[in-house]
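Try each task before you read its solution.

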Amino acid sequence: MPVLFCRRHLLAALSSLMLSAAPASAQNEAPVIAAASDLQFAVTEIAAAFTAETGHEVRLSFGSTGNFATQIREGAPFQMFMAADQKFIADLHAEGLTRDEGVLYAEGRLALMAPKGSALQPDAALDNLAALLEAGTLTRFAIANPEHAPYGLRAQEALQHRGLWEEIKPFLILGENVSQTAQFALSGNAEGGIVALSLALAPEVAAQGDHALIPADWHAPLMQRMVLLRDAGPAAEAFYAYVQQPKAREIMVRYGFVLPDEG
Amino acid sequence: MDWTSLTLSLELAAWTVAILLPVSVLGGRWLAYGRFRAKGAVEALVMLPLVLPPTVFGFYLLLAFGRNSPVGAFWQETFGHQLVFTFEGLVVASVIFNLPFAIQPAQRGFEAIAVDLREAAATCGMSPWRSLWKVELPLAWPGLMTAMVLTFAQTLGEFGIVLMGGGSIPGETKTVAIAIYDRVQGFDMQGAGIMSAALVAISFSAIAITYGLSARVGRRLA
(Lines give C-alpha, C1' and ligand atoms only; values in the text may rest on other atoms or scores of the structure.)
Protein backbone atom coordinates (compact mmCIF):
# COMPACT_ATOMS: atom_id res chain seq x y z
CA MET A 1 0.00 0.00 0.00
CA PRO A 2 2.59 2.58 0.95
CA VAL A 3 4.29 2.04 -2.42
CA LEU A 4 1.08 2.84 -4.28
CA PHE A 5 0.54 5.88 -2.15
CA CYS A 6 4.03 7.10 -2.87
CA ARG A 7 3.69 6.53 -6.61
CA ARG A 8 0.43 8.43 -6.76
CA HIS A 9 2.05 11.38 -5.06
CA LEU A 10 4.97 11.33 -7.42
CA LEU A 11 2.55 11.36 -10.36
CA ALA A 12 0.60 14.25 -8.88
CA ALA A 13 3.80 16.19 -8.30
CA LEU A 14 5.06 15.54 -11.81
CA SER A 15 1.81 16.45 -13.53
CA SER A 16 1.51 19.69 -11.58
CA LEU A 17 5.04 20.43 -12.74
CA MET A 18 4.15 19.96 -16.39
CA LEU A 19 1.24 22.34 -15.98
CA SER A 20 3.22 24.96 -14.15
CA ALA A 21 6.20 25.01 -16.50
CA ALA A 22 4.35 26.92 -19.22
CA PRO A 23 3.62 30.42 -17.79
CA ALA A 24 7.24 31.33 -16.99
CA SER A 25 8.26 31.38 -20.64
CA ALA A 26 5.05 32.94 -21.97
CA GLN A 27 5.54 36.29 -20.23
CA ASN A 28 9.14 36.82 -21.26
CA GLU A 29 8.10 39.27 -23.96
CA ALA A 30 8.07 42.49 -21.94
CA PRO A 31 11.55 44.04 -21.66
CA VAL A 32 13.06 44.44 -18.21
CA ILE A 33 14.14 47.98 -17.26
CA ALA A 34 16.64 48.38 -14.44
CA ALA A 35 15.93 51.67 -12.68
CA ALA A 36 17.63 53.42 -9.76
CA SER A 37 15.40 53.26 -6.71
CA ASP A 38 14.89 57.04 -6.53
CA LEU A 39 12.68 56.44 -9.60
CA GLN A 40 10.46 53.97 -7.69
CA PHE A 41 7.35 56.16 -7.90
CA ALA A 42 8.04 58.44 -10.88
CA VAL A 43 8.96 55.70 -13.37
CA THR A 44 6.19 53.38 -12.16
CA GLU A 45 3.78 56.19 -13.11
CA ILE A 46 5.54 56.83 -16.43
CA ALA A 47 5.42 53.11 -17.26
CA ALA A 48 1.68 53.01 -16.56
CA ALA A 49 1.12 55.99 -18.88
CA PHE A 50 3.37 54.37 -21.51
CA THR A 51 1.41 51.11 -21.41
CA ALA A 52 -1.90 52.96 -21.58
CA GLU A 53 -0.77 54.94 -24.63
CA THR A 54 1.20 52.37 -26.62
CA GLY A 55 -0.05 49.00 -25.38
CA HIS A 56 3.54 47.90 -24.76
CA GLU A 57 4.33 46.38 -21.37
CA VAL A 58 7.62 46.92 -19.55
CA ARG A 59 8.84 45.12 -16.44
CA LEU A 60 10.52 47.37 -13.88
CA SER A 61 13.24 46.32 -11.49
CA PHE A 62 14.32 48.90 -8.87
CA GLY A 63 17.59 48.82 -6.96
CA SER A 64 20.93 50.44 -6.31
CA THR A 65 22.65 51.84 -9.41
CA GLY A 66 26.00 50.30 -8.43
CA ASN A 67 24.48 46.83 -7.97
CA PHE A 68 22.72 47.04 -11.33
CA ALA A 69 25.98 48.00 -13.04
CA THR A 70 27.63 44.90 -11.51
CA GLN A 71 24.74 42.69 -12.57
CA ILE A 72 24.86 44.07 -16.13
CA ARG A 73 28.57 43.17 -16.28
CA GLU A 74 27.63 39.64 -15.18
CA GLY A 75 25.15 39.46 -18.04
CA ALA A 76 21.81 40.38 -16.44
CA PRO A 77 19.17 40.47 -19.20
CA PHE A 78 18.13 44.11 -18.78
CA GLN A 79 17.31 46.01 -21.96
CA MET A 80 17.50 49.52 -20.54
CA PHE A 81 19.26 51.02 -17.53
CA MET A 82 18.19 54.24 -15.80
CA ALA A 83 21.07 55.15 -13.47
CA ALA A 84 21.11 57.69 -10.66
CA ASP A 85 24.65 58.72 -11.63
CA GLN A 86 26.02 58.99 -15.15
CA LYS A 87 29.48 57.73 -14.11
CA PHE A 88 28.11 54.17 -14.09
CA ILE A 89 26.71 54.58 -17.62
CA ALA A 90 30.06 55.94 -18.85
CA ASP A 91 31.90 52.92 -17.40
CA LEU A 92 29.48 50.44 -18.99
CA HIS A 93 29.73 52.30 -22.28
CA ALA A 94 33.54 52.16 -22.16
CA GLU A 95 33.27 48.39 -21.67
CA GLY A 96 31.08 48.09 -24.76
CA LEU A 97 28.00 46.89 -22.87
CA THR A 98 25.65 49.67 -24.01
CA ARG A 99 24.29 50.70 -27.38
CA ASP A 100 25.63 54.28 -27.14
CA GLU A 101 26.57 56.84 -24.50
CA GLY A 102 22.91 57.25 -23.48
CA VAL A 103 21.03 60.42 -22.66
CA LEU A 104 20.71 62.64 -19.60
CA TYR A 105 17.11 62.43 -18.38
CA ALA A 106 17.10 64.22 -15.03
CA GLU A 107 19.08 65.77 -12.23
CA GLY A 108 18.29 64.41 -8.79
CA ARG A 109 18.09 66.39 -5.54
CA LEU A 110 18.64 65.42 -1.91
CA ALA A 111 16.15 65.97 0.88
CA LEU A 112 16.53 65.76 4.64
CA MET A 113 13.56 63.82 5.91
CA ALA A 114 12.19 63.07 9.39
CA PRO A 115 9.15 61.02 10.40
CA LYS A 116 6.20 62.69 12.11
CA GLY A 117 6.90 63.14 15.81
CA SER A 118 10.68 62.96 15.42
CA ALA A 119 12.98 65.14 17.52
CA LEU A 120 14.49 66.26 14.21
CA GLN A 121 12.84 69.22 12.47
CA PRO A 122 14.12 69.22 8.86
CA ASP A 123 15.66 72.50 7.71
CA ALA A 124 17.66 73.14 4.53
CA ALA A 125 20.80 74.26 6.40
CA LEU A 126 20.83 71.09 8.57
CA ASP A 127 21.05 73.36 11.65
CA ASN A 128 18.60 71.28 13.67
CA LEU A 129 20.52 68.10 12.81
CA ALA A 130 23.74 69.77 14.00
CA ALA A 131 21.98 70.84 17.22
CA LEU A 132 20.77 67.29 17.93
CA LEU A 133 24.30 65.98 17.39
CA GLU A 134 25.66 68.67 19.72
CA ALA A 135 23.10 67.85 22.41
CA GLY A 136 23.85 64.13 22.07
CA THR A 137 20.20 63.24 21.45
CA LEU A 138 20.61 61.79 17.96
CA THR A 139 20.35 57.99 18.07
CA ARG A 140 20.19 56.87 14.43
CA PHE A 141 20.42 58.61 11.05
CA ALA A 142 19.87 56.92 7.67
CA ILE A 143 21.71 57.45 4.38
CA ALA A 144 22.15 55.12 1.41
CA ASN A 145 25.36 53.07 1.28
CA PRO A 146 27.97 55.48 -0.21
CA GLU A 147 29.96 52.50 -1.54
CA HIS A 148 27.52 51.71 -4.32
CA ALA A 149 24.48 54.01 -4.10
CA PRO A 150 24.92 57.46 -5.75
CA TYR A 151 22.46 59.13 -3.35
CA GLY A 152 24.54 57.78 -0.47
CA LEU A 153 27.74 59.23 -1.85
CA ARG A 154 26.07 62.62 -2.42
CA ALA A 155 24.59 62.53 1.11
CA GLN A 156 28.09 61.92 2.44
CA GLU A 157 29.39 64.91 0.42
CA ALA A 158 26.60 67.15 1.74
CA LEU A 159 27.31 66.10 5.34
CA GLN A 160 31.03 66.71 4.75
CA HIS A 161 30.27 70.14 3.30
CA ARG A 162 28.24 71.00 6.41
CA GLY A 163 31.10 69.71 8.60
CA LEU A 164 28.97 67.00 10.25
CA TRP A 165 30.39 63.84 8.64
CA GLU A 166 32.89 62.78 11.31
CA GLU A 167 30.45 63.45 14.15
CA ILE A 168 27.49 61.72 12.56
CA LYS A 169 29.36 58.59 11.39
CA PRO A 170 28.75 56.54 14.58
CA PHE A 171 24.99 57.11 14.23
CA LEU A 172 24.62 56.18 10.57
CA ILE A 173 22.52 53.29 9.34
CA LEU A 174 23.12 52.47 5.67
CA GLY A 175 20.32 51.54 3.31
CA GLU A 176 21.13 49.15 0.46
CA ASN A 177 19.63 51.76 -1.88
CA VAL A 178 17.92 55.13 -1.40
CA SER A 179 14.46 53.56 -1.24
CA GLN A 180 15.41 51.33 1.68
CA THR A 181 17.07 54.39 3.22
CA ALA A 182 13.75 56.23 3.14
CA GLN A 183 12.17 53.17 4.75
CA PHE A 184 14.79 53.25 7.54
CA ALA A 185 14.52 57.04 7.98
CA LEU A 186 10.74 56.91 8.41
CA SER A 187 10.45 53.65 10.34
CA GLY A 188 10.39 55.52 13.66
CA ASN A 189 13.63 53.81 14.69
CA ALA A 190 15.75 56.74 13.52
CA GLU A 191 15.44 60.52 13.85
CA GLY A 192 15.51 60.78 10.06
CA GLY A 193 17.79 60.54 7.06
CA ILE A 194 18.92 61.95 3.74
CA VAL A 195 16.82 60.61 0.86
CA ALA A 196 15.98 61.44 -2.74
CA LEU A 197 13.60 64.38 -3.15
CA SER A 198 11.67 62.24 -5.66
CA LEU A 199 10.82 59.80 -2.86
CA ALA A 200 10.05 62.52 -0.29
CA LEU A 201 7.49 64.00 -2.72
CA ALA A 202 5.68 60.71 -3.41
CA PRO A 203 2.28 60.76 -1.65
CA GLU A 204 2.91 57.40 0.10
CA VAL A 205 6.13 58.78 1.62
CA ALA A 206 5.16 62.44 2.08
CA ALA A 207 2.28 61.38 4.34
CA GLN A 208 4.74 59.89 6.81
CA GLY A 209 7.02 62.83 7.52
CA ASP A 210 8.43 66.26 6.73
CA HIS A 211 11.33 67.14 4.47
CA ALA A 212 13.63 70.01 3.53
CA LEU A 213 15.53 70.42 0.27
CA ILE A 214 19.32 70.31 0.69
CA PRO A 215 21.18 73.03 -1.34
CA ALA A 216 22.35 71.67 -4.70
CA ASP A 217 25.83 73.19 -4.37
CA TRP A 218 26.62 71.17 -1.23
CA HIS A 219 27.37 68.08 -3.30
CA ALA A 220 28.38 67.05 -6.82
CA PRO A 221 25.30 67.02 -9.07
CA LEU A 222 23.33 63.79 -9.43
CA MET A 223 23.34 63.67 -13.20
CA GLN A 224 20.97 60.83 -14.01
CA ARG A 225 21.62 59.19 -17.36
CA MET A 226 19.82 56.31 -19.05
CA VAL A 227 20.96 54.02 -21.80
CA LEU A 228 19.74 51.17 -23.98
CA LEU A 229 21.73 47.99 -23.48
CA ARG A 230 22.95 45.83 -26.32
CA ASP A 231 19.97 43.46 -26.37
CA ALA A 232 17.32 46.22 -26.36
CA GLY A 233 14.22 45.41 -28.43
CA PRO A 234 11.54 47.67 -29.96
CA ALA A 235 9.48 47.98 -26.78
CA ALA A 236 12.52 49.14 -24.78
CA GLU A 237 13.40 51.58 -27.58
CA ALA A 238 9.86 52.98 -27.48
CA PHE A 239 10.03 53.38 -23.70
CA TYR A 240 13.44 55.09 -23.97
CA ALA A 241 11.92 57.61 -26.39
CA TYR A 242 8.78 58.01 -24.27
CA VAL A 243 10.74 59.02 -21.14
CA GLN A 244 12.08 62.02 -23.13
CA GLN A 245 8.63 63.19 -24.23
CA PRO A 246 6.52 65.94 -22.58
CA LYS A 247 4.07 63.59 -20.80
CA ALA A 248 6.90 61.73 -19.02
CA ARG A 249 8.88 64.91 -18.38
CA GLU A 250 5.86 66.43 -16.67
CA ILE A 251 5.70 63.43 -14.33
CA MET A 252 9.44 63.71 -13.58
CA VAL A 253 9.05 67.41 -12.70
CA ARG A 254 6.16 66.59 -10.37
CA TYR A 255 8.52 64.28 -8.46
CA GLY A 256 11.07 67.07 -7.99
CA PHE A 257 13.54 66.22 -10.75
CA VAL A 258 15.35 69.02 -12.56
CA LEU A 259 15.21 68.30 -16.29
CA PRO A 260 18.01 68.76 -18.78
CA ASP A 261 17.28 71.27 -21.55
CA GLU A 262 18.41 69.06 -24.39
CA GLY A 263 15.82 66.46 -25.34
CA MET B 1 -1.12 40.42 -3.83
CA ASP B 2 1.62 39.68 -6.32
CA TRP B 3 0.42 36.40 -7.83
CA THR B 4 3.22 36.27 -10.42
CA SER B 5 5.85 36.17 -7.69
CA LEU B 6 3.99 33.59 -5.62
CA THR B 7 3.49 31.36 -8.67
CA LEU B 8 7.14 31.76 -9.57
CA SER B 9 8.22 30.72 -6.07
CA LEU B 10 5.91 27.68 -6.19
CA GLU B 11 7.34 26.72 -9.59
CA LEU B 12 10.87 27.10 -8.31
CA ALA B 13 10.05 24.94 -5.29
CA ALA B 14 8.35 22.30 -7.48
CA TRP B 15 11.33 22.04 -9.86
CA THR B 16 13.77 21.86 -6.95
CA VAL B 17 11.77 19.05 -5.34
CA ALA B 18 11.41 17.15 -8.64
CA ILE B 19 15.16 17.26 -9.31
CA LEU B 20 16.18 16.51 -5.73
CA LEU B 21 13.80 13.55 -5.19
CA PRO B 22 15.97 11.00 -7.09
CA VAL B 23 19.10 12.65 -5.68
CA SER B 24 17.74 12.28 -2.17
CA VAL B 25 16.82 8.57 -2.70
CA LEU B 26 20.12 7.55 -4.30
CA GLY B 27 22.37 9.92 -2.33
CA GLY B 28 20.67 9.24 1.01
CA ARG B 29 20.80 5.47 0.44
CA TRP B 30 24.46 5.61 -0.63
CA LEU B 31 25.44 7.58 2.47
CA ALA B 32 23.32 5.36 4.73
CA TYR B 33 24.74 1.98 3.58
CA GLY B 34 28.10 3.00 2.17
CA ARG B 35 31.28 2.33 4.12
CA PHE B 36 34.19 4.24 2.59
CA ARG B 37 37.03 6.36 3.80
CA ALA B 38 35.89 9.77 2.53
CA LYS B 39 32.36 9.39 3.90
CA GLY B 40 32.85 12.03 6.59
CA ALA B 41 34.13 14.48 3.99
CA VAL B 42 31.20 13.80 1.63
CA GLU B 43 28.71 14.28 4.45
CA ALA B 44 30.40 17.53 5.45
CA LEU B 45 30.29 18.77 1.85
CA VAL B 46 26.58 17.98 1.58
CA MET B 47 25.89 19.87 4.82
CA LEU B 48 28.01 22.88 3.86
CA PRO B 49 25.19 24.98 2.29
CA LEU B 50 23.37 24.73 5.62
CA VAL B 51 26.06 26.60 7.53
CA LEU B 52 27.30 29.03 4.85
CA PRO B 53 25.67 32.47 4.79
CA PRO B 54 23.48 32.61 1.66
CA THR B 55 25.36 35.73 0.55
CA VAL B 56 28.66 33.81 0.54
CA PHE B 57 26.95 31.03 -1.37
CA GLY B 58 25.37 33.50 -3.80
CA PHE B 59 28.72 35.22 -4.32
CA TYR B 60 30.44 31.95 -5.27
CA LEU B 61 27.56 30.95 -7.53
CA LEU B 62 27.83 34.30 -9.31
CA LEU B 63 31.54 33.62 -9.85
CA ALA B 64 31.01 29.96 -10.80
CA PHE B 65 28.10 30.49 -13.19
CA GLY B 66 28.71 34.08 -14.40
CA ARG B 67 29.36 34.77 -18.06
CA ASN B 68 33.16 34.68 -17.54
CA SER B 69 33.15 31.23 -15.93
CA PRO B 70 33.50 27.93 -17.86
CA VAL B 71 30.03 26.76 -16.72
CA GLY B 72 28.47 30.11 -17.66
CA ALA B 73 30.17 30.10 -21.06
CA PHE B 74 29.08 26.48 -21.73
CA TRP B 75 25.48 27.35 -20.84
CA GLN B 76 25.58 30.41 -23.09
CA GLU B 77 26.85 28.35 -26.04
CA THR B 78 24.43 25.48 -25.53
CA PHE B 79 21.21 27.36 -24.76
CA GLY B 80 21.96 30.76 -26.29
CA HIS B 81 21.39 32.72 -23.10
CA GLN B 82 22.96 33.50 -19.76
CA LEU B 83 22.55 31.17 -16.74
CA VAL B 84 22.66 33.78 -13.96
CA PHE B 85 19.68 36.15 -13.67
CA THR B 86 17.38 33.52 -15.20
CA PHE B 87 14.83 31.10 -13.78
CA GLU B 88 17.09 28.17 -14.74
CA GLY B 89 19.92 29.81 -12.79
CA LEU B 90 17.68 30.02 -9.71
CA VAL B 91 16.79 26.33 -10.09
CA VAL B 92 20.47 25.35 -10.23
CA ALA B 93 21.28 27.49 -7.17
CA SER B 94 18.26 26.19 -5.32
CA VAL B 95 19.11 22.53 -6.03
CA ILE B 96 22.65 22.95 -4.67
CA PHE B 97 21.53 24.98 -1.69
CA ASN B 98 18.89 22.39 -0.72
CA LEU B 99 21.17 19.34 -0.86
CA PRO B 100 21.41 19.09 2.95
CA PHE B 101 17.64 19.32 3.38
CA ALA B 102 17.05 16.68 0.71
CA ILE B 103 19.76 14.17 1.62
CA GLN B 104 20.04 14.29 5.39
CA PRO B 105 16.48 13.16 6.33
CA ALA B 106 16.54 10.54 3.54
CA GLN B 107 19.83 9.17 4.85
CA ARG B 108 18.33 8.85 8.34
CA GLY B 109 15.30 7.10 6.83
CA PHE B 110 17.46 4.47 5.12
CA GLU B 111 19.70 4.06 8.15
CA ALA B 112 16.67 3.12 10.23
CA ILE B 113 16.01 0.01 8.09
CA ALA B 114 17.28 -3.12 9.86
CA VAL B 115 20.19 -4.83 8.10
CA ASP B 116 18.38 -8.20 8.54
CA LEU B 117 15.56 -6.98 6.34
CA ARG B 118 17.85 -6.00 3.48
CA GLU B 119 19.75 -9.28 3.82
CA ALA B 120 16.47 -11.20 3.82
CA ALA B 121 15.44 -9.40 0.64
CA ALA B 122 18.76 -10.31 -0.98
CA THR B 123 18.47 -13.93 0.21
CA CYS B 124 15.03 -14.14 -1.40
CA GLY B 125 16.73 -13.32 -4.69
CA MET B 126 15.55 -9.71 -4.98
CA SER B 127 17.72 -7.47 -7.12
CA PRO B 128 18.93 -4.27 -5.38
CA TRP B 129 16.47 -2.34 -7.56
CA ARG B 130 13.55 -4.58 -6.59
CA SER B 131 14.61 -4.47 -2.96
CA LEU B 132 14.61 -0.66 -3.13
CA TRP B 133 11.08 -0.54 -4.51
CA LYS B 134 9.48 -3.35 -2.48
CA VAL B 135 11.31 -3.21 0.84
CA GLU B 136 13.33 -0.05 1.41
CA LEU B 137 11.19 2.75 -0.03
CA PRO B 138 8.02 1.62 1.80
CA LEU B 139 10.01 1.79 5.05
CA ALA B 140 12.08 4.91 4.36
CA TRP B 141 9.40 7.09 2.81
CA PRO B 142 8.58 9.20 5.89
CA GLY B 143 12.23 10.33 5.80
CA LEU B 144 11.99 11.06 2.08
CA MET B 145 8.74 12.92 2.54
CA THR B 146 10.29 15.04 5.30
CA ALA B 147 13.22 15.75 2.97
CA MET B 148 10.96 16.92 0.15
CA VAL B 149 8.72 19.08 2.37
CA LEU B 150 11.75 20.73 3.97
CA THR B 151 13.20 21.39 0.51
CA PHE B 152 9.90 22.82 -0.72
CA ALA B 153 9.42 25.11 2.27
CA GLN B 154 13.07 26.15 2.29
CA THR B 155 12.95 27.11 -1.40
CA LEU B 156 9.84 29.26 -0.86
CA GLY B 157 11.71 31.25 1.79
CA GLU B 158 15.05 31.55 0.00
CA PHE B 159 16.22 35.16 -0.13
CA GLY B 160 19.95 35.84 0.03
CA ILE B 161 20.93 33.75 -2.98
CA VAL B 162 18.09 35.08 -5.12
CA LEU B 163 19.05 38.61 -4.17
CA MET B 164 22.70 38.06 -5.18
CA GLY B 165 22.14 36.22 -8.44
CA GLY B 166 18.54 36.99 -9.37
CA GLY B 167 18.13 40.64 -10.35
CA SER B 168 14.46 40.87 -9.24
CA ILE B 169 13.02 40.40 -12.74
CA PRO B 170 9.21 40.07 -12.60
CA GLY B 171 8.05 36.64 -13.81
CA GLU B 172 11.64 35.37 -14.13
CA THR B 173 13.62 35.80 -10.89
CA LYS B 174 11.39 37.92 -8.64
CA THR B 175 10.34 35.30 -6.07
CA VAL B 176 7.78 36.00 -3.39
CA ALA B 177 10.51 36.65 -0.77
CA ILE B 178 12.07 39.29 -3.06
CA ALA B 179 8.64 40.75 -3.86
CA ILE B 180 8.00 41.23 -0.12
CA TYR B 181 11.36 43.01 0.22
CA ASP B 182 10.54 45.23 -2.77
CA ARG B 183 7.07 46.03 -1.42
CA VAL B 184 8.53 47.17 1.91
CA GLN B 185 10.96 49.41 0.02
CA GLY B 186 8.07 50.75 -2.03
CA PHE B 187 6.26 51.73 1.19
CA ASP B 188 3.49 49.21 0.48
CA MET B 189 3.27 47.69 3.99
CA GLN B 190 -0.17 46.25 3.31
CA GLY B 191 1.01 44.37 0.23
CA ALA B 192 4.05 43.08 2.08
CA GLY B 193 1.85 42.02 4.98
CA ILE B 194 -0.57 40.05 2.81
CA MET B 195 2.22 38.23 0.96
CA SER B 196 4.06 37.45 4.19
CA ALA B 197 0.89 36.02 5.71
CA ALA B 198 0.32 33.87 2.60
CA LEU B 199 3.88 32.54 2.84
CA VAL B 200 3.45 31.70 6.53
CA ALA B 201 0.16 29.90 5.78
CA ILE B 202 1.62 27.83 2.91
CA SER B 203 4.77 26.85 4.82
CA PHE B 204 2.84 25.99 7.96
CA SER B 205 0.30 23.86 6.06
CA ALA B 206 3.02 21.97 4.20
CA ILE B 207 4.82 21.04 7.40
CA ALA B 208 1.64 20.33 9.39
CA ILE B 209 0.34 17.98 6.69
CA THR B 210 3.65 16.11 6.61
CA TYR B 211 3.72 15.62 10.36
CA GLY B 212 0.06 14.54 10.28
CA LEU B 213 0.76 11.92 7.59
CA SER B 214 3.92 10.68 9.29
CA ALA B 215 2.05 10.23 12.58
CA ARG B 216 -0.67 8.20 10.86
CA VAL B 217 1.87 5.97 9.16
CA GLY B 218 3.71 5.53 12.46
CA ARG B 219 0.54 4.26 14.14
CA ARG B 220 -0.24 1.88 11.30
CA LEU B 221 3.21 0.33 11.37
CA ALA B 222 3.21 -0.08 15.15
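Before starting, note that domain bounds here come from an automatic or database domain assignment, and that the model is a predicted one.

**Exercise 1.** Find the two domains of chain A, and describe the side of domain 1 of chain A that touches domain 2 of chain A.

*Solution.* 
- Step 1: Begin with the bounds. Domain 1 of chain A covers 32–107 + 222–254, while domain 2 covers 108–218.
- Step 2: Now place them. Taken over C-alpha atoms, the centres of domain 1 and domain 2 of chain A lie 26 Å apart.
- Step 3: Look at the contact, to which domain 1 of chain A gives 18 residues and domain 2 of chain A gives 14 residues.
- Step 4: On the domain 1 side, at least two residues each come from β2 (59–63), α3 (65–73), β4 (103–108) and β10 (222–228) of chain A. The largest share, 3 residues, belongs to α3(A).
- Step 5: Sort that side by class: 7 residues are nonpolar, 8 polar and 3 charged.

**Exercise 2.** How do helix α1 (residues 3–33) and helix α5 (residues 87–97) of chain B pack?

*Solution.* 
- Step 1: Two packed helices are described by the angle between their axes and the distance between the axes.
- Step 2: For α1(B) and α5(B), the angle is about 55 degrees and the axes are 9 Å apart. Angles of 65 to 115 degrees would count as roughly perpendicular and those under 35 as roughly parallel, so α1(B) is oblique to α5(B).
- Step 3: As for handedness, α1(B) and α5(B) cross in a right-handed way.
- Step 4: Pick out the residues in contact: α1(B) uses L12(B), W15(B), T16(B), I19(B) and L20(B), and α5(B) uses L90(B), V91(B), S94(B) and V95(B).
- Step 5: By class, this helix contact has 7 nonpolar and 2 polar residues, with no charged ones.

Methods. Residues are numbered from 1 along each chain as its sequence is written. Chains are lettered from A and ligands numbered from 1 in the order in which they are written. This is a predicted model: local features need pLDDT of at least 70, side-chain atom pairs count only at pLDDT 80 or more; totals for chains, interfaces and linings use all residues. Two residues are in contact if their C-beta atoms, placed from the backbone, lie within 7 Å. Helices (H or I, at least four residues) and strands (E, at least two) are DSSP runs, numbered from the N terminus. Ala, Val, Leu, Ile, Met, Phe, Trp, Tyr, Cys and Pro count as nonpolar, Asp, Glu, Lys and Arg as charged, and the others, Gly among them, as polar. Axes are lines fitted to C-alpha atoms, for helices over the stretch in contact, and angles run from 0 to 180 degrees between N-to-C directions. Angles under 35 degrees count as roughly parallel, over 145 as roughly antiparallel, 65 to 115 as roughly perpendicular and the rest as oblique. A crossing is left-handed if the near helix is turned anticlockwise from the far one by less than a right angle, and right-handed if clockwise.
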